[in-house]
Each structure stands twice: as C-alpha cells, then as structure tokens.
Amino acid sequence: MTVQAIGLLGMGCLVSLIFLRVPVGVAMGLVGLCGYAAVDGWVKAFRVFGEVPFDVASNYSLSVVPMFVLMGELATQSGMSSQLYKAAKALFAGARGSQVLATIGACAGFGAVCGSSLATAATMTRIAIPEMRRAGYDDRISTGSVAAGGSLGILLPPSIVFVIYSLISQQSVQKMFAAGLIPGIILAGLYMLAALATLAIKPAWAPREPAAPLKERVRDLVLGWEVALLFGVAIGGLYAGWFSPTEAAGVGAFTAFVLGTLRRGLPPAVLWNCFRDTIRTTCLLFVIVMSAFIFSYFVVQTQLPGMLVTWVTAWHVGPIELVAILIVFYVVMGCFLDGGGMILITVPIFLPLVTQYGFDPVWFGVMLVVTVEMGLIHPPVGMNIFVIQARAPDIPILRIYQGIIPFLFAPLMLLVLLIAFPQIALWLPTWLYG
Amino acid sequence: MTLWVERLVGWLTALSSVALASMVLLTVGDVLRSNFLHRPIIGTFDLVEALLVVIVFFGVPQIFFVEGNITVDVIDHLIGKRAVAFLHMTGGILSFAYLGLLWSHMFAPALDALNFGDVTSDLGMPVFWMWLPVLFGLPVALLAILFVIGRQFAQWRAAGKPE
C-alpha cells in the first residue's frame with residue numbers, strides 16, 4: 001500500500017470514528033499514532049507519540065490560551081456584559097429595532113474581550129433576549145441577532161481559534177489578532193444591515209421604542225467603560241507593541257480580576273467557577289491540539305498535501321475556484337464538526353495548497369475563521385443556536401432557525417469582500433508589524 | 001469510590017487553578033518590573049512553561065471526568081438509545097486506551113530528561129521536574145475515565161431494559 005493510500009485510509013478512519021461519537025481529540029490521536037506506525041514503524045511512532053504532548057503543553061506561546069480564556073470568564077461571570085448591553089442600548093436608542101442593533105454591538109464588544117463565540121452567545125442570551133421579549137420583539141429577530149452577534153467572538157481578538165490557527169500554520173499570534181479586527185468590525189456592521197433589512201420587510205418583528213433623554217443616554221453609554229478598558233489594556237497594549245501576546249493575556253486576566261472585584265462581581269464561589277471553567281476549556285483545547293499535532297505528523301508522512309497540490313494543479317483549478325471549493329467544504333464540514341477541530345484537522349492538509357496558489361496564510365486564516373463562524377450559526381447544527389435554545393428552552397428551535405437565516409448573508413458578503421479586497425484582512429497586520 | 005475519584009479530580013483542578021493564578025501574577029509582575037524597574041523577573045519564560053504543564057496535565061482528569069470532550073452527535077437521532085449508550089461506552093474505552101498508551105510512552109522521554117540531566121535555559125531547572133505533573137496527572141485521568149466507563153456501562157444496561 002502506498003503512503004498516500006494509507007493517508008486516505010487514515011482520513012476515512014478519522015471521519016468514521018468522529019461520527020461514531022469518539023471524542024475528536026482521541027480519534028485524531030489514535031489515527032495519527034496508527035497511521036504514523038503504518039508508514040514509519042511502531043518504534044518511531046511511539047517516540048513521537050510520547051514526546052509531542054509534552055512539547056505542546058510546555059510551549060510558551062500557548063500560555064496565552066488559559067490566560068485569555070480566564071479573562072473572558074472573569075468578564076462574563078462578574079457581570080460586565082449587562083453594563084455593556086445597557087451602553088449599547090443607549091447608543092442605538094430611538095431607532096426601530098434598537099435593541100437588535102444594541103445586541104449585535106454588545107456582542108461585538110463582549111466578543112472582543114471574551115474570545116469565545118459560545119460564551120458570548122450564552123451570556124447575551126441571558127441578558128438581551130428577556131429584555132427584547134419584554135419590549136415586544138419577535139423571538140425570531142431576537143434569537144437571530146444573539147446567534148449572529150455571538151459568532152463575532154471568534155473573529156475579534158483575542159480569538160482562541162486564531163491562536164490555534166497561528167500554532168498550526170506557524171503564523172504570529174499578533175498578526176492574526178490584527179488581521180481579525182477590521183473584518184470583525186465590518187461583519188458586525190453587516191449583521192446590523194441584515195437586521196435592518198429584515199425589519200424593513202417584517203416591521204412587526206420589532207417595535208419602535210421611544211428614545212431616552214440625552215442625559216440618560218450619555219450616562220448609560222459610560223457604563224461600557226469596563227469592557228472598553230479591558231480591551232484597551234489587553235489588545236490595545238498588544239497592538240501598540242507594549243506587550244507580547246502572553247503578557248497581554250496575563251495583564252488582561254489580571255485587569256479583568258481587578259475590575260470584577262471592584263464591581264463586587266467575584267465572590268469566592270464565582271471566582272472558583274471562573275477558574276474551574278477556564279481549566280475545562282483550556283484542557284479541552286489542549287487535548288485536541290496535542291492530538292492534532294500527532295495527527296499532523298502522520299499527515300506529513302503520507303505526503304497528502306503534496307498529492308492534493310498535484311491533483312488540483314492537474315485539474316487546472318483557478319485560485320477563485322479553489323477558494324470557493326474550500327468555502328463550500330468548510331461550510332458543509334461546519335454542519336458536523338467544531339471549528340477548532342476542523343481547523344486542526346484540515347489546515348495541515350490545505351495550507352500548503354493555498355500558499356502554493358499564492359494566497360497569504362494570514363488572509364487564509366481570516367477566511368477560515370469567517371467560514372467557521374458561519375458553521376456556528378447555520379442550521380441544522382450551529383452550536384450558537386443550541387446554546388440559545390439551552391438557555392431559552394421555551395423558544396422552539398424552528399423559530400431560531402427562521403431568525404438566523406437573514407443573518408447568514410452577512411458572513412457570505414464578508415467572504416466576497418475578503419476575496420475581492422484581501423487588504424481588509426492584511427492592511428492592519430502589515431501596517432503594525434510589517 | 002465516586003466521592004474519592006471526584007475529590008482527587010477536584011484537588012488536581014484546584015492545583016491547576018493555583019498554577020493558572022500563579023502564571024497570571026508572574027506575567028503581570030514581570031511586565032511591571034520590566035517597564036518600571038527595567039529589571040524583568042529572571043526565569044519567567046521557564047516558569048510559565050512549567051506552570052502551563054501543570055495547568056494542562058492536572059486539568060485533563062477534570063475534562064474526562066465530566067465527559068467534556070468534543071464529540072459529534074449527529075448519529076444520535078438515527079440510532080436507538082441503547083446504541084447511543086454503547087457508542088458512549090466505546091468512546092470511553094478508546095479514550096482509556098489512548099491516554100493509557102500516551103502515559104506508558106511518556107516515561108521514556110521523561111527518563112531521558114532525567115538521565116541526560118536536561119535543564120531549562122534561564123533557571124537551570126531540571127526538565128524532569130516538568131514531567132512530574134504529566135506522570136501524575138495522566139493516571140488520575142485514567143482513573144476518571146474508568147469511573148466514567150462504569151457509569152456508561154450502567155446507562156447502557158439500563159437503556160436495554162423495558163420502561
């Protein structure tokens with residue numbers, strides 16, 4: 001059997017195991033080990049198997065993961081998000097569907113300190129949906145806006161998915177964080193446009209609320225200072241070159257702790273929950289990353305990426321067609337697989353192909369994350385949809401599906417913009433880091 | 001037994017949390033000293049790496065104990081309850097095999113680090129010390145998985161009984 005055939009067999013086994021409910025990390029590790037052994041013998045395979053997890057777990061650059069996750073947990077559990085929502089409401093007050101716009105704005109703001117889409121969606125479901133229901137908003141537009149806005153968490157820095165991508169593609173974390181900022185802001189704007197367009201067609205879905213007096217709005221607007229400060233210190237410090245990514249994560253987590261303590265939002269029980277949840281999220285990611293590295297050793301041995309390049313070149317696939325094929329592939333995969341797992345499995349295979357076609361790996365990373373983001377919200381298995389349903393179980397899932405459909409056009413539009421104008425993703429990292 | 005495993009996993013999670021808090025404080029301390037006193041904390045790099053190993057390998061038992069790993073559940077709607085319970089159990093057994101193999105093959109590089117006297121670059125700390133959380137954390141994770149497999153087995157048997 002050729003090494004390429006072993007590679008294809010390995011991919012088949014991996015997909016089968018994942019669909020048979022074997023944890024993604026375990027499936028990747030086992031297939032990686034057995035596949036490597038089939039290519040290069042058990043002695044070498046076990047050597048790699050024994051060393052790689054330690055190398056990953058003692059990798060300094062990965063120390064950003066637990067500290068940024070902790071920053072997000074502290075901000076979430078100390079209740080900073082509700083203040084941010086009030087501030088966003090003050091900003092958009094008076095417009096039809098002001099709370100929908102406020103939800104998307106607050107999600108963007110919170111995603112910028114949280115780094116996790118699921119956490120952003122879960123938090124905003126708790127805060128925004130009850131308020132919108134009280135104000136008479138239709139459940140479809142309220143859940144749709146939370147699901148869509150929540151997905152911004154993985155595009156805006158400090159995105160944990162970007163950290164994973166940086167590691168696997170050997171790009172700088174700073175560059176990836178810088179590359180995600182402008183597309184993230186544009187996507188938030190596109191989500192708002194999608195909401196406004198929906199409300200123009202279905203005006204009954206959102207009432208027009210009276211604007212509060214200016215003084216009151218200004219007072220509420222200031223309430224968002226904690227999140228702004230947190231973002232400014234951690235990510236601003238990173239962009240300004242004051243901190244390395246690890247330092248930014250450490251300072252961010254510490255600032256979140258101080259702010260949470262000052263607002264009396266972190267009693268011991270809540271603080272323990274923050275740490276326990278951070279440990280769970282971190283270890284969940286590390287199990288997958290360690291296994292993904294074992295798996296990527298196998299992928300390299302099988303020469304699958306080279307074979308893919310040869311195939312695609314032989315079929316005379318153009319660059320735009322290639323990107324379109326990859327987007328369709330990721331959107332379909334996103335129906336079944338978690339974003340991080342999808343990136344870890346596929347990037348070692350696709351990145352050589354993409355760079356061979358002359359695309360920038362940083363740009364590809366942003367494209368990939370936007371596509372993964374779509375996977376979080378598109379039916380039938382968008383994770384954000386399930387998070388909302390779990391937190392608001394009285395809303396039928398079909399209504400959430402109906403609500404999310406208009407928002408799906410926004411990431412598609414962003415992908416088109418990114419293909420047409422790659423500088424949207426590349427300008428800031430080039431300007432900041434050369 | 002349940003309580004005992006739960007406690008052990010809980011203690012390791014607590015130690016993992018302490019390591020995380022230490023990492024944050026160390027990093028902030030280093031930033032402050034570097035910027036205001038122009039004297040960074042020597043060995044921050046080594047210590048952060050060592051603390052990361054503690055965070056990860058003392059935290060791994062928790063993730064297996066609460067069955068928190070990412071799985072794909074699309075098949076659940078197509079097969080019966082008993083079959084789903086069986087797949088749960090199979091996933092648990094494969095997880096046990098995976099971590100068991102991992103643990104047994106991490107001894108060799110750990111012993112190499114000990115025998116060759118490997119040390120970290122800044123502090124000269126023996127690298128073998130960093131292997132200790134690995135060698136201690138993984139068996140606890142294995143214990144946690146065994147406990148989970150027991151629970152899954154009971155669920156599988158219960159799923160077969162008429163209601």
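1. In which helix of chain A is Glu373(A) found? Glu373(A) sits in α18, residues 361–377 (helices are DSSP runs of H or I, at least four residues, numbered from the N terminus). This is a predicted model, where local features need pLDDT of at least 70, side-chain atom pairs count only at pLDDT 80 or more, and totals for chains, interfaces and linings use all residues. Residues are numbered from 1 along each chain as its sequence is written, chains are lettered from A in the order written, and side-chain values use heavy atoms, without hydrogens and water.

2. Glu373(A) is buried, at 1% relative accessible area (buried means under 20%, with a 1.4 Å probe and protein chains only). Its side chain makes a polar contact with the side chain of Ser151(A) at 3.1 Å (a pair of N or O atoms within 3.5 Å, one able to donate a hydrogen and the other to accept it). The Glu373(A) side chain also reaches the backbone nitrogen of Leu152(A) at 3.5 Å.

3. Turning to the interface, 54 residues of chain B and 55 residues of chain A take part in the contact (heavy atoms within 4.5 Å). About 4,800 Å² is buried between the two chains, 80% of it from carbon and sulfur atoms (accessible area lost on being put together, 1.4 Å probe, summed over both parts). On the chain B side, Ile70(B), Val72(B) and Tyr98(B) lose the most area, together 16% of what that side buries.

4. Two salt bridges are counted between chain B and chain A (a Lys or Arg side-chain nitrogen within 4 Å of an Asp or Glu carboxyl oxygen). Arg21(A) and Asp76(B) meet in a salt bridge at 2.8 Å, N to O.

Technical notes:
Helices (H or I, at least four residues) and strands (E, at least two) are DSSP runs, numbered from the N terminus. Buried means under 20% relative accessible area, exposed over 50%, partly exposed in between (1.4 Å probe, protein chains only).
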